[in-house]
Amino acid sequence: MYATKNPSEVVEAHRRHLRLLLVMALIALAGAGAGVWVLKTEQVCTSYGTGPINNGKAIIGAGVNKGVSEDGIVAGLTAAMHETGMRNLANPNVPDSMGGNRDGLASNGIGVGILLQAPSWEYPAAVLMVPAEAAKMFFEAVADDADHGSLSPAQVAGRAQRSAFPDAYVDVL
């Protein structure tokens, strides 16, 4: 089946295949659930409603709008799956996150949204609670990492999230 018998190369080939299937499935769901609406500005619509599938669509749409590579979009989906199971979580410790659409409550420190990002003066909780906006901020962090092109999507996700446990993202893929 594979040209090599090296176990690590076979595992990496399986991971690439699974990533491709994940992206294809989410794109298919995006098309089936709401369609991908292209606006006159050539931007992909990123507002789909609540729920993990719609949050995945918002991540894909934000990535497409920013011109992010397929691996970059997979990194965004990986981070959201690892952090919240692709759910948009408010946090009782952050009152500004409690209004609007949400899929549940987070209980860790002050993280909010689909990526459990910490609000700041630059990115308030209300912005982080919009899945497409949270994804844009994730993709900005990816773009700021000069090494992102040479890393796996799981490594990119861990670095962009500034995780204390960056290897934990490998389990998602």
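## Exercises on a predicted model

Pro95 counts as exposed, because its relative accessibility is 61%. The structure used here is a predicted model.

### Exercise 1: placing Pro95

Task: Find where Pro95 lies, and how far Pro95 and Ala125 are from each other in sequence and in space.

Solution. Start with the secondary structure: Pro95 sits in the loop between β1 (89–90) and β2 (104–105). Next, check exposure: the cut-off for exposed is over 50%, so at 61% Pro95 counts as exposed.

### Exercise 2: Leu89, buried or exposed?

Task: Decide whether Leu89 counts as buried or exposed, and list what Leu89 touches beyond four places in sequence.

Solution. Leu89 belongs to strand β1. Its relative accessibility is 4%, so Leu89 counts as buried, the limit being under 20%. Now look for partners: leaving out residues up to four places away in sequence, Leu89 touches Thr84, Asp103, Gly104, Leu105, Ala106, Val112, Gly113, Ile114, Leu116 and Met129.

### Exercise 3: how α3 meets α6

Task: Describe the packing of helix α3 (residues 70–84) against helix α6 (residues 153–160).

Solution. First the geometry: the axes are 8 Å apart and the angle is about 60 degrees. Because of that angle, α3 is oblique to α6. The crossing is right-handed. Then the residues: α3 contributes Asp71, Val74, Ala75, Thr78 and Ala79, while α6 contributes Pro153, Ala154, Val156 and Ala157. Sorting these contact residues by type gives seven nonpolar, one polar and one charged.

### Exercise 4: the nonpolar cores

Task: Which elements give two or more residues to the largest nonpolar core, and which gives the largest share?

Solution. Begin with the core itself: it has 23 residues, and those with the most contacts inside it are Ile59, Leu77, Ala79, Leu115, Phe138, Phe139 and Ala157. Two or more residues come from each of α2 (52–65), α3, α5 (131–144) and α6. The largest share, six residues, is from α5. Apart from this core lies another, of seven residues, including Ala90, Leu128, Met129 and Met137.

To finish, zoom in on Ala157: not counting residues up to four places away in sequence, Ala157 touches Ala75, Thr78, Ala79, Phe138 and Tyr169.

Note on methods. Residues are numbered from 1 along each chain as its sequence is written. This is a predicted model: local features need pLDDT of at least 70, side-chain atom pairs count only at pLDDT 80 or more; totals for chains, interfaces and linings use all residues. Side-chain values use heavy atoms; hydrogens and water are left out. Helices (H or I, at least four residues) and strands (E, at least two) are DSSP runs, numbered from the N terminus. Buried means under 20% relative accessible area, exposed over 50%, partly exposed in between (1.4 Å probe, protein chains only). Axes are lines fitted to C-alpha atoms, for helices over the stretch in contact, and angles run from 0 to 180 degrees between N-to-C directions. Angles under 35 degrees count as roughly parallel, over 145 as roughly antiparallel, 65 to 115 as roughly perpendicular and the rest as oblique. A crossing is left-handed if the near helix is turned anticlockwise from the far one by less than a right angle, and right-handed if clockwise. Contact means heavy atoms within 4.5 Å. Ala, Val, Leu, Ile, Met, Phe, Trp, Tyr, Cys and Pro count as nonpolar, Asp, Glu, Lys and Arg as charged, and the others, Gly among them, as polar. A nonpolar core is a set of buried Ala, Val, Leu, Ile, Met, Phe, Trp, Tyr and Cys residues joined through side-chain atoms within 4.5 Å.
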